[in-house]
Amino acid sequence: MTEPVIEAANVSKSFGSGPAWVQALKDINLTLNGGELTVLMGPSGSGKTTLLSILGCMLAPTVGTVRVCGTSTSGARPEELAKIRRQHIGFVFQSYHLFSTLTVAENVRLALDVRGERGLKAMAKTEEILASVGLTSKIASFPRQLSGGEQQRVAIARAIVAEPSAILADEPTAALDAANGQATMAILSAIAKERGRAVLVVTHDPRLFGFADRIVHIEDGSLTREQSTDLRSN
């Protein structure tokens, strides 16, 4: 039985005021479970990234509550939200967000450094996680020396090295060709299945459906329907 990792209850989000007021999310209810890869599917402007930002404690909802590993984020101060992110959430982005002047190992170790993990133990964890994504031979390379697929694998390694409870990936395959996109999704799927993490992948690409345990559709800020594994071929 899977356990809830992130829960959003009756979440709405609006921006601006007066004539500039926009409601980005409307009464969202969504649970991300450990051991599952959930795909959030929707067109541009549907609210996908806003929802990911709220689930990842980077934005606060205007209405509703978010719970991360049982802890409510309601009323949390910015430093408290940052602590929740550090402890429980790893992020993967479309544009990798690697530091060009740091090696592969140094980029990954940053995620441990901000948590106070340093020294030989941190290096050992870094080497282990890079081996798990097939990058042992690239450990001393710089981002400019890597392909797009390799850079994304570094970003995934950085996201998971501190063993977060959830991985939130925003269009992680958009900048990759088909083969590297499939390889990236295979790694994310393995993180969910083998490590028991909750993984959310935001995308507009239906070719990724085969990796999902659940497919959640969003349009105009509302969740419109959900498909389970049994419905992926429909």
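Let's start with a pair of charged side chains: Arg214 and Glu226 meet in a salt bridge, 3.3 Å from N to O. A salt bridge here is a side-chain nitrogen of Lys or Arg within 4 Å of a carboxyl oxygen of Asp or Glu. Arg214 sits in strand S9 (residues 214-219) and Glu226 in strand S10 (residues 222-228), so the pair ties together parts that are 12 residues apart in sequence. Helices (H or I, at least four residues) and strands (E, at least two) are DSSP runs, numbered from the N terminus.

A word on where this comes from: you are looking at a predicted model, in which local features need pLDDT of at least 70 and side-chain atom pairs count only at pLDDT 80 or more, while totals for chains, interfaces and linings use all residues. Residues are numbered from 1 along each chain as its sequence is written, and side-chain values use heavy atoms, with hydrogens and water left out.

## Salt bridges

Arg214 is buried, with a relative accessible area of 12%, whereas Glu226 is partly exposed at 46%. Buried means under 20% relative accessible area, exposed over 50%, and partly exposed in between (1.4 Å probe, protein chains only).

Glu36 lies in the loop between strand S2 (22-33) and S3, and it is buried at 16% relative accessible area. Leaving out residues up to four places away in sequence, Glu36 touches Thr2, Ala192, Arg197, Ala198, Val199, Asp213 and Arg214. Contact means heavy atoms within 4.5 Å.

By the salt-bridge rule the count comes to 9. Here are some of them:

| Pair | N to O distance |
|---|---|
| Asp113 and Arg118 | 2.6 Å |
| Asp205 and Arg207 | 2.9 Å |
| Arg214 and Glu226 | 3.3 Å |

How accessible are the partners in the other two pairs? Asp113 is partly exposed at 33%, and Arg118 is exposed at 53%. Asp205 is buried at 15%, while Arg207 is exposed at 58%.

## The nonpolar cores

Now for the greasy parts. The largest nonpolar core has 39 residues, and those with the most contacts inside it are Leu37, Val39, Ile167, Leu188, Ile191, Val199 and Val201. A nonpolar core is a set of buried Ala, Val, Leu, Ile, Met, Phe, Trp, Tyr and Cys residues joined through side-chain atoms within 4.5 Å. Several elements each supply at least two residues of this core: strands S3 (37-41), S7 (166-170) and S8 (198-203), along with helices H3 (104-113), H4 (119-132), H5 (148-160) and H6 (178-195). Which one gives the most? That's H5, with 6 residues. Apart from this core lies another, of 27 residues, among them Ile6, Leu25, Val68 and Ile89.

Take Ile167 as an example. Leaving aside its neighbours within four places in sequence, Ile167 is in contact with Gly90, Val92, Ala159, Ile160, Leu188, Ile191, Ala198, Val199 and Leu200.

Helix H3 is worth a look as well. Val104, Ala105, Asn107, Val108, Ala111 and Leu112 are buried in H3, and the buried residues of this helix pack against H4 and H5.

## Empty space

Rolling a probe the size of a water molecule over the atoms shows where empty space is left. On a 1 Å grid over the protein atoms alone, a cavity is a set of points where a 1.4 Å probe fits but cannot get out, and a pocket is an open set with protein on both sides within 12 Å along at least five of seven lines; lining residues have an atom within 4 Å of a point. Grid points are joined across faces, edges and corners, and a volume is the space filled by probe spheres set on the points.

The largest pocket has a volume of about 410 Å³. It is lined by 15 residues, of which Phe91, Ala111, Val114, Arg115 and Arg158 lie nearest its centre. S6 gives the most to this lining, with 4 residues.

The largest cavity has a volume of about 30 Å³. Ile160, Glu163, Pro164, Ile167, Ile191, Arg195 and Arg197 line it.

Most residues other than glycine have a negative phi. Cys69, however, has a positive phi of about 50°, and it is found in the loop between strands S4 (63-68) and S5 (71-72). Glu171 also has a positive phi of about 50°; its place is in the loop between S7 and H6.
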